[in-house]
Amino acid sequence: MSTSGLHRLRQFSALLTQTPCRAGGWPGCTGILYRKNHRGLQTSSTTAAHEVTQEDEVLLRDVFDLPSQTTLGSKWFHQGTPTGLLMEARFHSPESFRKAGQEAVAEADALTKKVLAAQSTSEKRCIIKCLDQLSDALCRVMDVAELVRQVHPDSNWQEAAESIYGDMFEYMNGLNTHVGLYRKLVEAMDDPQISKDLGPVEREVALSFRRDFERSGIHLSENAHSRFVALSSSIHDLSRDFLRNQSPESPTVSIPVDDLRSLPSQVAMELLQSCPSHKSSDGTTVIDVEADDFLAQYILRDCDNQKVRENVYKAWQSGSSNAVKYLEGLLEDRLKLAQTVGFESFAHMTLDDKMARSPDHVDEFLRGLATQARPQWDALVRSLRRTRDHSQRVNKGKVSATGIFPWDRDFWVGKQQMEQGALPAMSHYFSLGRVVLGLSRVFKNLYGVELRAATPQPGEIWHPEVRKLEVVDEDGQLLGLIYCDVFSRNSKAHVGAAHFTARCARRVDNDIEVTGELKGHSNRTVVERNGQRFQLPVVVLICNFSAPTSGVPPLLSWSNVETIFHEMGHAMHSMLGQNGFHNVAGTRCPIDFVELPSVLMEHFARSPQVLALFASHYKTGAPLPLDLLYKRAAQRRQYAALDLHAQLFMSSLDQRYHSAAHGIAHGNDSGWSTRMLSAIHNDPMFHCAADQSLFSHVDGTRWQSRFTHLVGYGASYYSYLFDRVLAGQIWDRVFQGDRPFLQQANVSNTNATPLSRDAGERFNNEVLRWGGGRNPWESLAAVLDNGKTSSREIEDISQGSKAAMRIVGSWRLPDM
């Protein structure tokens, strides 16, 4: 999905969200100042919303909640001369898109020649800028190609994007191992006269390029270099094939019709009407059903027959044999690649420039969290067994002496929740428009920026459901654009929730002029600030929410609210992380730091004070009842240990898969990834004293075939847990945030200040605005250095040593 080096996708050009849920320019503005007339946007609101008083806020809400009553409906979508996809004139057709890729390569060639020709000190002083400009020229096409591959409904566009990405990927591999470029960069960095003139961000840009050259095997012989390039291409192809073969083979399962009675009536009726039925050997009427996600969801939660649950679970988790084949090839080639450039394993290579720095540090962190969580695992399993035993006694059944197995988990969790009483849905308080409005209010409180709706031009977006938002500051200056493609449809790849960086912010008035460069930028893509000109950042947020029905706005679950807050955290990092350089702008920072701003935003989505800003009933305008929030939060917290166990397991499996443990020479020994999956279940880290069977491996299943984050977050999946811990500390120590619990040790909701501008500015100044232009350990130490953390801890954290990882591992995980 991405590559290192000059193309700084860092394996998360689209930042994906896989939590029991992570790891890739289209400004439509016409100047610096935001125009109050919204370019002709009109709205007619009929929804009661006492909390919305400003015209801008009404519009922002209604373009998501009432699209048919605004000029953002689909009627204009195919009208007018296309201005170019994402307001980029070069992208007005698949053919022009291909040409843009060729032009980007021509510009990169010219900049490469400029670097290689540098002789004087002044010429060498421009090398870092040249490389950054070169990276931007390529990424502005490649990143959009990656987006088009995932979301564009037109196969012609998709084919063009596939071709562009493949060709430019090969070109990138050549640049990443270009000895001449590397030597010129080293010359510049080692020149004392140049080095002393570098600012901290530009120095980090230079270091990032240098590290990537060296990790790409710049020192290799000609034969080894050819091997490196071939392996890189193979990894790219295998990653694509793995993602494309996610559809499970879904073996058919026979289910007795009588066992459908415990399912919701509408689900049971749909199965009866759509599936063939016949008599089994004992005369029972059964239906034959494919074991897909839909079936598994309801059978595992609602079916009383344990044997049916077991059969469905095993069939559902049997996975795809093709996906396993491609995954094993991908993991084997990654190991070969790492060892080709001198690393022990792919994990060692990946972590070399991350906060964790080594697999041993990651292991120490994960084991520290597991030690904290083990009592919760034991308590939860004992609780589920009590519920099961009580239910069997009440129903005069024999109390089982066996454990609770993976196919029993959802069933007994559901029984517990039923005993506690059904809770009203929260979705009526979370219309999509209200949630986006709430996000705007949060950002205005914290950072002095807000979201405003804008009208896309013909050809600017790829589907009429896409919404365009401008991000503006308190002076009305445009900071960047966010495109929201949030509804599920068949033409979208199943990537879950994602943040795509389509174009990074960078300074452009000091660009190096070369032959082949596209002359200038459109005034729609560049703004002027303090006498300097900057390229606007543009991002795209992808979700798969259910499309709204007629007369009802799109309503989100609380989990979906957290998802869009998470993705907007990435977006705001891109908007505020403008440090002048493409290569370290916004989310282009170490992968185990990039999730911090987004995970922190999940805390805001749970904050009673924040929810009071926007959570109101879409019909009546009544605020979300606090007692409902508290009960929902308590119910969720009751099962947080299951989430943690899953996240720890996936993080450890990811590390094991990317270690040297599986060797290289497997030959025809297919299926080794399944054996490794089975073996890791026996690691004492995951043991539960009460009953290990809930967390046991089930023979015949291949869950790893569904673990798609192995592509974008290879050897880095621990990042989500790592940043959850960091975000929890920042929430408590910097924002003094509240939590949706009636009683919480060491947290007083009455003294909480989650919307403090001082706290927001502190986080912005020490974290967001730097993007990847600062050592993240230094940023973490600086943001926590507010008197609530000991000076000794701050010093250890700033060093980023093994002691720092030990400290982070000792911090409690939020909500546990």
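Phe97 is buried, at a relative accessible area of 0%; buried stands for under 20%, exposed for over 50% and partly exposed for the range in between, with a 1.4 Å probe and protein chains only. The model is predicted: local features need pLDDT of at least 70, side-chain atom pairs count only at pLDDT 80 or more, and totals for chains, interfaces and linings use all residues. Residues are numbered from 1 along each chain as its sequence is written, and side-chain values use heavy atoms, without hydrogens and water.

Trp157 also counts as buried, at 9% relative accessibility. Two rings of Phe, Tyr or Trp (its six-membered ring) are paired if their centres lie within 6.5 Å; planes under 30 degrees apart are stacked, over 60 edge-to-face, and the rest tilted. By this rule the chain holds 25 aromatic pairs. Phe97 and Trp157 form a tilted pair, with 5.6 Å from centre to centre and 40 degrees between the planes. Phe97 belongs to helix α2 (residues 94-116) and Trp157 to helix α5 (residues 155-176), so the pair ties together parts 60 residues apart in sequence. The ring centres of Tyr182 and Phe213 are 5.9 Å apart and their planes stand at 65 degrees, so this pair is edge-to-face. Here too distant parts of the chain are linked: Tyr182 lies in helix α6 (residues 179-190) and Phe213 in helix α8 (residues 200-215), 31 residues apart. Tyr182 is buried at 16% relative accessibility, and Phe213 is buried at 2%. Elsewhere, ring pairs join Tyr313, Trp316, Phe405 and Trp407 into a cluster.

Charged groups also sit over rings, a term that requires NZ of Lys or CZ of Arg within 6 Å of the ring centre and within 35 degrees of the ring normal. The charged end of Arg149 sits over the ring of Tyr165, 4.2 Å from its centre. The charged end of Lys325 takes such a place over the ring of Tyr326, at 4.9 Å from the centre.

The chain has 816 residues, of which 61% count as buried.

Helix α10 (residues 265-274) has Val267, Ala268 and Leu271 as its buried residues. They lie on the same side of α10, because they cover an arc of only 100 degrees around the axis; the arc is taken from the directions from the helix axis to the C-beta atoms. Ser265, Gln266, Gln273 and Ser274 are exposed on the other side of α10. The buried residues of α10 pack against β4 (285-290) and α11 (293-302).

Thr350 is part of helix α14 (residues 346-351). Thr350 is buried, with 6% relative accessible area. Beyond its neighbours within four places in sequence, Thr350 is in contact (heavy atoms within 4.5 Å) with Gly714, Ala715 and Ser716.

Three strands form an open sheet in the order β9-β11-β10, with antiparallel pairing; strands pair if DSSP finds at least two bridges between them. β9 (506-507) and β10 (526-529) stand at the edges with a single partner strand each, so one side of each has no neighbour in the sheet. Two bridges join β9 to the antiparallel strand β11 (residues 532-535). Arg507 stands opposite Phe534 in β11.

Conventions:
Helix = DSSP H or I, 4+ residues; strand = E, 2+ residues; numbered from the N terminus.
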